[in-house]
Amino acid sequence: MKIIIASDHGGYELKLEIIEHLKARGFEVTDVGCDSPESADYPIYAKKVTDILSSEVDLDNPGKNFETLGILVCGTGIGMSLAANKVPGIRAALCHDTFSAQATREHNNSIILCMGARVVGPGLALKIVDTFIDTPFSQDERHVRRISMYS
């Protein structure tokens with residue numbers, strides 16, 4: 001599995017921990033910025049991730065399990081999720097607990113996990129990341145139907 005990851009300055013340190021964790025698990029990780037804790041505008045980095053996902057993933061097939069996922073981290077996760085969800089076909093979910101991470105993959109087939117570094121600590125963040133990545137879409141007809149209603 002391939003993971004595309006980005007952050008703004010508020011999520012920079014947590015992003016580095018997530019990257020280290022993902023690489024230790026054997027995932028291919030592409031970091032598209034930001035590259036320091038200096039002030040950075042989150043929409044730029046959300047767009048970098050959504051552009052890559054839009055070009056590499058069949059977003060028109062809501063019932064498919066994807067081989068590439070995204071992770072976006074800012075201070076709260078809210079800005080990143082708002083920016084990412086502006087892109088047609090992208091389903092980005094703001095998750096600050098493992099239950100939400102599991103449910104959004106199983107029920108919504110979300111392709112991007114958004115988190116807030118000022119909301120969750122590194123230990124919980126890594127559990128959320130693992131849950132999001134390890135949970136497949138259920139492919140239940142009702143979930144595919146519902147996703148198709150807003151895709």
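**A parallel sheet and its packed helices**

Strand β3 (residues 68-74) and strand β5 run parallel and are joined by five bridges. Helices and strands here are DSSP runs numbered from the N terminus, with at least four residues (H or I) for a helix and at least two (E) for a strand. The model is predicted, so local features need pLDDT of at least 70 and side-chain atom pairs count only at pLDDT 80 or more, while totals for chains, interfaces and linings use all residues. Residues are numbered from 1 along each chain as its sequence is written, and side-chain values use heavy atoms, with hydrogens and water left out.

Strands of a sheet pair through backbone hydrogen bonds, either parallel or antiparallel. In this model, five strands form an open sheet with parallel pairing, and their order is β2-β1-β3-β5-β4. Two strands count as paired if DSSP finds at least two bridges between them. The edges are formed by β2 and β4 (92-94), each of which pairs on one side only. From one strand to the next, the twist averages 20°.

Strand β1 (residues 2-7) runs parallel to β3, and six bridges join the two. Buried means under 20% relative accessible area, exposed means over 50%, and partly exposed lies in between (1.4 Å probe, protein chains only). Seven of the seven residues of β3 are buried, so the strand is largely enclosed by the rest of the structure.

Attention can now turn to the helices. Two packed helices are described by the angle between their axes and the distance between the axes. Axes are lines fitted to C-alpha atoms, for helices over the stretch in contact, and angles run from 0 to 180 degrees between N-to-C directions. Helix α1 (residues 12-24) and helix α5 (residues 122-134) have axes that come within 10 Å and cross at roughly 50°. That makes α1 oblique to α5; angles under 35 degrees count as roughly parallel, over 145 as roughly antiparallel, 65 to 115 as roughly perpendicular and the rest as oblique. The crossing of α1 and α5 is right-handed, a term used when the near helix is turned clockwise from the far one by less than a right angle (left-handed if anticlockwise). In this contact (heavy atoms within 4.5 Å), L14, E17, I18, H21 and L22 of α1 meet P122, A125, L126, V129, D130 and I133 of α5. By class, the contact of α1 with α5 has eight nonpolar residues, one polar and two charged. Here Ala, Val, Leu, Ile, Met, Phe, Trp, Tyr, Cys and Pro count as nonpolar, Asp, Glu, Lys and Arg as charged, and the others, Gly among them, as polar.

Helix α5 also packs with α4, at an angle of about 20° and with axes 8 Å apart. The two helices are therefore roughly parallel to each other, and the crossing of α4 and α5 is right-handed. The residues in contact are T98, A101, Q102, T104 and R105 of α4 and K127, I128, T131 and F132 of α5. Three of these are nonpolar, four are polar and two are charged.

Helix α4 packs with α6 as well, at an angle of about 85° and with axes 8 Å apart. That makes α4 roughly perpendicular to α6. E106, H107 and N108 in α4 meet H143, I147 and Y150 in α6, a contact of two nonpolar, three polar and one charged residue.

The loops hold some details of the backbone. The peptide bond from G33 to C34 is cis, with omega near -5°, and C34 lies in the loop between β2 (28-31) and α2 (42-56). N109 is not a glycine, although its phi is positive, at about 50°. This residue, N109, is placed in the loop between α4 (98-108) and β5 (112-116) and is buried, with a relative accessible area of 0%. Q139, another residue other than glycine, has a positive phi near 65°. Q139 lies in the loop between α5 and α6 (141-150) and counts as partly exposed, at 45% relative accessibility.
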